[in-house]
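Me: I am new to this structure. Please walk me through how to read it.

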Amino acid sequence: MLTLTNLNTSKDIIYGISDRSQGNMSFKYGKRADVLANRRRFFAALNIDENKILKMNLDQSSKIAVLTKKQDIPSGLVVEADAVITNIKDLFLFLLIGDCAPFFFFDPNKKVIALAHVGWGGTVGKLPVLVLARMASEFGSSLKDILIGIGPSLCDQCDIQPNPIQQAGIPEWKNYLHSQGSFTRIELRRFMADELAKIGIQNKQIEASNICTREDFKQFFSHEAAQAGLTEEGRFGCLLGLKP
Ligand SMILES: [Zn+2]
């Protein structure tokens with residue numbers, strides 16, 4: 001289990017980032033019974049009842065779900081969104097990661113949390129910026145109060161994709177793309193860090209894990225490492241919720 005110290009200081013939230021020793025959390029890459037057992041162990045390690053888990057189905061989109069009352073919680077405890085913002089206590093957001101960046105948000109003043117899956121889609125769509133704006137508009141959060149934790153993801157040296165890439169031709173991406181023959185190296189982390197700085201988020205509010213999933217595939221699952229034949233496919237879990 002990986003920890004982010006800025007989030008650790010709060011007694012109001014529970015969060016967790018599973019590591020490889022806790023097993024694959026995706027049904028796509030494992031037997032159902034094994035995955036269920038892995039998830040149960042992960043939730044139990046955090047002392048959370050699995051009936052309080054809201055599973056996020058991801059789509060590389062910038063779709064945000066805002067949950068403010070119990071009736072907003074989808075039946076079946078599955079939500080189609082790449083980001084969820086909520087002030088509902090005793091509800092735990094859960095998503096799967098294997099190279100994209102998991103963003104954890106917490107406003108200790110308004111007691112609001114958000115969890116987001118930020119891959120190429122969420123970066124191009126500036127999903128973290130949209131989440132912060134919605135926290136402000138829906139809950140009255142002040143941007144300077146919000147703590148942001150960023151879990152392990154593909155680093156700016158390892159994100160090398162075959163052309164054509166989604167960001168090609170977008171002017172604001174010009175300085176973040178580096179041509180390498182028929183491939184392009186993409187600096188998602190630096191782009192997103194600069195976008196957060198533009199809206200006034202200070203470095204002290206952010207704790208970014210420097211772990212690169214592709215380089216550290218023995219500790220975390222990585223789609224790129226699996227594609228390169230270095231390891232098998234799998235996904236690790238990220239969870240965030242307000243304590244009851
Ligand atoms: Zn890397």
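Me: What share of the contacts in the protein chain with a separation of 6 or more comes from residues 24 or more positions apart?

Reply: First, the ground rules. This is a predicted model: local features need pLDDT of at least 70, side-chain atom pairs count only at pLDDT 80 or more, and totals for chains, interfaces and linings use all residues. Residues are numbered from 1 along each chain as its sequence is written. Two residues are in contact if their C-beta atoms, placed from the backbone, lie within 7 Å. Here, residues 24 or more positions apart make up 67% of the contacts with a separation of 6 or more.

Me: How many helices and strands does the protein chain have?

Reply: Both are DSSP runs, numbered from the N terminus: helices are H or I with at least four residues, strands are E with at least two. The protein chain has six helices and 14 strands. Its radius of gyration is 17 Å, close to the 18 Å of the globule rule for 244 residues, so the chain is as compact as a globular protein of that length. That radius is taken over C-alpha atoms, and the rule is 2.2 Å times the number of residues to the power 0.38. The C-alpha atoms fill a box of roughly 55 × 45 × 30 Å along the principal axes.

Me: Which residues of strand β14 are buried?

Reply: A residue is buried if 20 or more other C-beta atoms lie within 10 Å of its own, exposed if 12 or fewer, and partly exposed in between; C-beta atoms are placed from the backbone. Buried residues make up 40% of the 244 in the chain. In β14 (residues 236-242), seven of the seven are buried, so the strand is largely enclosed by the rest of the structure. Phe236, Cys238, Leu240 and Leu242 point one way; Gly237, Leu239 and Gly241 point the other.

Me: Which strand pairs with β14 over five bridges?

Reply: Strands of a sheet pair through backbone hydrogen bonds, either parallel or antiparallel. Two strands count as paired if DSSP finds at least two bridges between them. Strand β1 (residues 13-17) pairs with β14 over five bridges, antiparallel. Isoleucine 14 stands opposite glycine 241. Six bridges join β6 (residues 92-97) to β14, also antiparallel. There, leucine 96 faces glycine 237.

Me: What is the strand order in the open sheet of three strands?

Reply: The order is β10-β12-β11, with antiparallel pairing. β10 (160-162) and β11 (177-180) are at the edges with a single partner strand each, so one side of each lacks a neighbour in the sheet. β10 pairs with β12 (residues 183-186) over three bridges. Glutamine 161 stands opposite threonine 184 in β12.
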